Amino acid sequence: MLVRVWGGRVKDLRNCKLCAWECGVDRLEGERGVCRVTEPVIAAKQLHPAPPASYTVFMAGCNYRCLNCQNWDIAHYPDNPEGRALGYQDPKELAVEAVNMIETNQGRMIGADRIFFSGGEPTIHLPYIEQVVEHYRDTTDLWKVNFDTNGFATRKSMRRIVKLADSITFDFKAYSDPLHRAITGARVEPVLRNLEFLIPKYLDKIWEVRILLIPKAHDTEEIRAMCEFLADLDESVPVCFLAFRPNFVLERHPGAPKRLMERAVEIARECGLHATWSGMPGINGSVPPEVGECADKLLKHYDGRKGAALMGGYARVTGCRNHPRDCLACDDMARCPIKRYVAIRRT
Ligand code: SF4
Ligand code: SF4
């Protein structure tokens, strides 16, 4: 038995359908689905000044295999040779620790007012997080809870996330299915469905929708499609574009230029949204010739969309043979070269 007993919720891991992959594996017996994680494991935790300032708990492991991952040593635990984790922590102990950390001088100085679950993807540890939050609410009624997600949850899990969180930060990777698959390895439909559920009903809980812009992948057509989709749901949803920095499998790709970030804000405004952008634009890089050649060959697998095929090209030269990417259906799921990739460059 890998998992310590932490309430009846542990049974969710028995036939795991916590996220939209719905793998149905028995994580309690050590079986592994797309996320490859069995028991809930904490990768790192710290007071964090980025809004909303918080005591941030980074959960290890992720249900996506994003090519641009900034936290790849956390997200690709346990398969990545550089994967790191602190280990399991008793939920009550973590809840009390979070309250104590928020109330330290440093916590007050940065304006921390909540525990913030990030990752990796916290959805894959949802029952554990619920247990932490239950103890946290018993300990304090002053401080809040944020859930940071890629949105690839089942309907049931998304309802549970809404119930436990005061605020949600939502990473919206792409609107078009070919681009979403090429970047993450997962289809986009559950993400769009969850945005359609959250924005009209729980707008007050959405801290912001974050859109990371990768040059040559997110073209103006894609940015407009994302903005129109969000604006149709509610024009007042807060949107923040983040500038891509070369990392992980995309370590040699160019960073997002400032003009792309400014153009994205203009497009958002044309669609009626109030958007901002942040990050460090203009980091140097170039598309390796072998990636460009591969992308040409993959165009037909990504509906002729050049940006998606380019991302597919990066995955292909790194060893991913399954295009369009679909990590659950992939024969290499348990020995995935993307999950094992070790980047030299970090920006
Ligand atoms: S990928 Fe999702 S459904 Fe599959 S085992 Fe992990 S959390 Fe469960
Ligand atoms: S090799 Fe398979 S499991 Fe790995 S990223 Fe590609 S499609 Fe996903």
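Two strands are said to pair if DSSP finds at least two bridges between them. In this predicted model, strand β1 (residues 42-48) and β2 meet that condition in the antiparallel sense, over 6 bridges, and a hairpin of 5 residues joins β1 to β2. Within this pairing, Ala44 stands opposite Phe58 in β2. On the loop between β1 and β2 lies Pro52, and the peptide bond from Pro51 to Pro52 is cis, with omega near -5°.

β2 also pairs with strand β3 (residues 114-118), here in the parallel sense and over 4 bridges, with Ser118 in β3 as the bridge partner of Phe58. In a regular strand the side chains alternate between the two faces of the sheet. In β2, Ser54, Thr56 and Phe58 on one side and Tyr55, Val57 and Met59 on the other are all buried, which leaves both faces covered. Because 6 of the 6 residues of strand β2 (residues 54-59) are buried, the strand is largely enclosed by the rest of the structure.

In soluble globular proteins, nonpolar side chains tend to be buried together. The largest nonpolar core of this model has 108 residues, of which Phe172, Leu230, Phe241 and Met311 touch the most other members. Apart from it lies another core, of 6 residues, with Val41, Ala43, Ala44 and Ala60 among them.

Helix α7 (residues 189-202) has 14 residues and reaches 19 Å from its first C-alpha to its last, close to the 20 Å expected at 1.5 Å a residue. Its buried residues are Pro190, Val191, Leu192, Arg193, Asn194, Leu195, Phe197, Leu198 and Ile199, and what covers them includes α5 (155-164), β5 (167-171), α6 (177-184), β6 (206-213) and α8 (220-233).

Around ligand 2 the shell includes Cys320, Cys327, Cys330 and Cys336, together with Arg65 and Asn322, and here the division is 7 nonpolar, 1 polar and 3 charged.

Some single residues complete the tour. Ser176, in the loop between β5 and α6, is buried, with a relative accessible area of 8%, and, not counting residues up to four places away in sequence, Ser176 touches Val188, Glu222 and Arg305. Met109, by contrast, lies in helix α3 (residues 105-110) and counts as exposed because its relative accessibility is 70%; its C-alpha atom and that of Pro49, 60 residues apart along the chain, are separated by 9.3 Å.

Phe248, in the loop between β7 (239-243) and α9 (258-270), has a positive phi of about 50° although it is not a glycine, and Phe248 is buried, with a relative accessible area of 0%.

Notes
Residues are numbered from 1 along each chain as its sequence is written. Chains are lettered from A and ligands numbered from 1 in the order in which they are written. This is a predicted model: local features need pLDDT of at least 70, side-chain atom pairs count only at pLDDT 80 or more; totals for chains, interfaces and linings use all residues. Side-chain values use heavy atoms; hydrogens and water are left out. A residue is near a molecule or strand if one of its heavy atoms lies within 4 Å of it. Ala, Val, Leu, Ile, Met, Phe, Trp, Tyr, Cys and Pro count as nonpolar, Asp, Glu, Lys and Arg as charged, and the others, Gly among them, as polar. A nonpolar core is a set of buried Ala, Val, Leu, Ile, Met, Phe, Trp, Tyr and Cys residues joined through side-chain atoms within 4.5 Å. Buried means under 20% relative accessible area, exposed over 50%, partly exposed in between (1.4 Å probe, protein chains only). Helices (H or I, at least four residues) and strands (E, at least two) are DSSP runs, numbered from the N terminus. The expected span of a helix is 1.5 Å times one less than its number of residues. Contact means heavy atoms within 4.5 Å.
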